[in-house]
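Q: I would like to go through this model with you, one residue at a time. Could we begin with a contact list?

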Amino acid sequence: MATDVKVPALGESITEGTLAQWLKKPGDAVAADEPIVSLETDKVSVEVPSPVAGTLTEQLFQEGDTVDVGAVIARIGETGAVAAAAPAKEVADENTNPPGPAETPLPREDQHAPTADHADLTLSPAVRRAVLEHHVDPSKIHGTGKDGRLTKDDVIAAAKAKDAGPVHEPEVKAPAAAADAPQASPAPALATSAKGERREERVKMTRLRQTIAQRLKDAQNTAALLTTYNDVDMTAVIDARARYKDLFEKKHGIRLGFMGFFVKAVALAARDVPSVNARIEGDEIVYSDYLDVSVAVSAPKGLVVPVIRSADQMSFAEIEKTIAAFGKKAKEGSLTVDEMKGGTFTISNGGVFGSLLSSPIINPPQSAVLGMHRIEERPVVRDGQIVARPMMYLALSYDHRLIDGREAVTFLVRIKEAIEDPTRLLIDL
């Protein structure tokens, strides 16, 4: 008796998704609740678990196909249902064409493309395309992906290794010259030709990447975007972290980071400048008496923006724990649609990647986004003396239709004051 695996509900207003990757292949044993396939929507990637323990007997769709919510995409049979059939086929093949005692199957020199046995469902479309384009045998490549699966990088690395081989062969070296002739340096043409042909690859944009692109372009087309900048002296925050980080981690089980300070500072500044926490709907301005902070997080398949709900009511520990959980889920691809829904203000920290200064784009329908950047010691003047201080550039991009320049600058200055004197966060100044 086979059990159907159906596409689960993917979130409000989402009716379909893209089958991104099969995590199991026919014949594989699966446990109950073990992920067997990854789906991608325009908002999030989700893994679909097996409803029962057994063996994956059928895959009804291929990677890259669009599947509707509720559609049957696979079937799970009793344990060993498919696995039992596979050995029988192998035995029959052995009796038909038994190999010699010392024989090892090797690809022929003219066998550039993979055989049908290699181009099975264990290769994703991108990997299969790379195998065909680079003329490599996938059975000879060690996979570094999940469960030993091949990745496109594995194929490209193998192709480069194959192409680089002839460079070291004796026949490509310059021929011996007369004794009185000077030795010439290797010709650049050899190095160029050894790199192989110049190639291009076309890969269809994922549904998530398409949505990110569309939303960012919509923000540029719709909002009157403007960015104001400031810098902030991080000395006080760094000293506070150094002084209390061990006690904080011991008590709360989480490290004290910079983001908690900035979320708190945003909450404080938004009370003075509520328009940065508002949005435009038609011909109306909607003001929120709560602060839901969207935190931009880099995930393997693109930028995701989970939301810290009621951040203005949370403690430092609650903020840091929530952010840490989001970071872990983003790497695993397990963030849900509900966790990324809504948000009234966004914080983007490009500093973790080394960004010195940038102009972030707002996340519609929000009206403002704060960009953090890397901390760098720079010379500043304090009490008439030039001293080195850990400085960070801040950028506030905002929708000028709703937020005036005076309000934007005031908001950013409030954040700067709170970070440079964290006591303000405690006494609400």
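Q: Which residues is Glu 320 in contact with, leaving aside neighbours within four places in sequence?
A: In this predicted model, Glu 320 is in contact with Ile 254, Arg 255, Leu 256, Gly 257, Phe 258, Met 259 and Gly 260.

Q: Which backbone nitrogen does the side chain of Glu 320 reach?
A: That of Gly 257, at 3.1 Å.

Q: And where is Glu 320 found?
A: Glu 320 is found in helix H8, residues 316–332.

Q: What is the nearest side chain of opposite charge to Glu 320?
A: Arg 241, which is 7.0 Å away. Glu 320 is buried and has no salt bridge.

Q: Changing topic: is Arg 378 buried or exposed?
A: Arg 378 counts as buried because its relative accessibility is 15%, and the cut-off is under 20%. Arg 378 lies in strand E18, residues 375–382. Beyond four places in sequence, the residues that Arg 378 touches include Asp 231, Leu 356 and Tyr 393.

Q: Now the core. Which residues touch the most other members of the largest nonpolar core?
A: Phe 345, Phe 411 and Ile 415, out of 57 residues. Helix H7, residues 259–272, gives the most to this core, with 10 residues. Another core, of 19 residues, lies apart from it and has Val 5 and Val 337 among its members.

Q: What does Ile 415 touch, not counting residues up to four places away?
A: Ile 415 touches Phe 262, Ala 265, Val 266, Ala 269, Leu 370 and Leu 394.

Q: Which residues of H9 are buried?
A: Among them are Glu 407, Phe 411, Ile 415 and Ile 419.

Terms used: Residues numbered from 1 in each chain as written. Predicted model: local features only at pLDDT ≥ 70, side-chain atom pairs only at ≥ 80, totals over all residues. Heavy atoms only, no water. Helix = DSSP H or I, 4+ residues; strand = E, 2+ residues; numbered from the N terminus. Buried < 20%, exposed > 50% of the residue type's maximum accessible area, 1.4 Å probe, protein only. Lys, Arg positive; Asp, Glu negative; His and termini not counted. Salt bridge = Lys/Arg side-chain N within 4 Å of Asp/Glu carboxyl O. Polar contact = N/O pair within 3.5 Å; in protein donor to acceptor, adjacent residues only side chain to side chain. Contact = heavy atoms within 4.5 Å. Core = buried A, V, L, I, M, F, W, Y, C linked by side-chain atoms within 4.5 Å.
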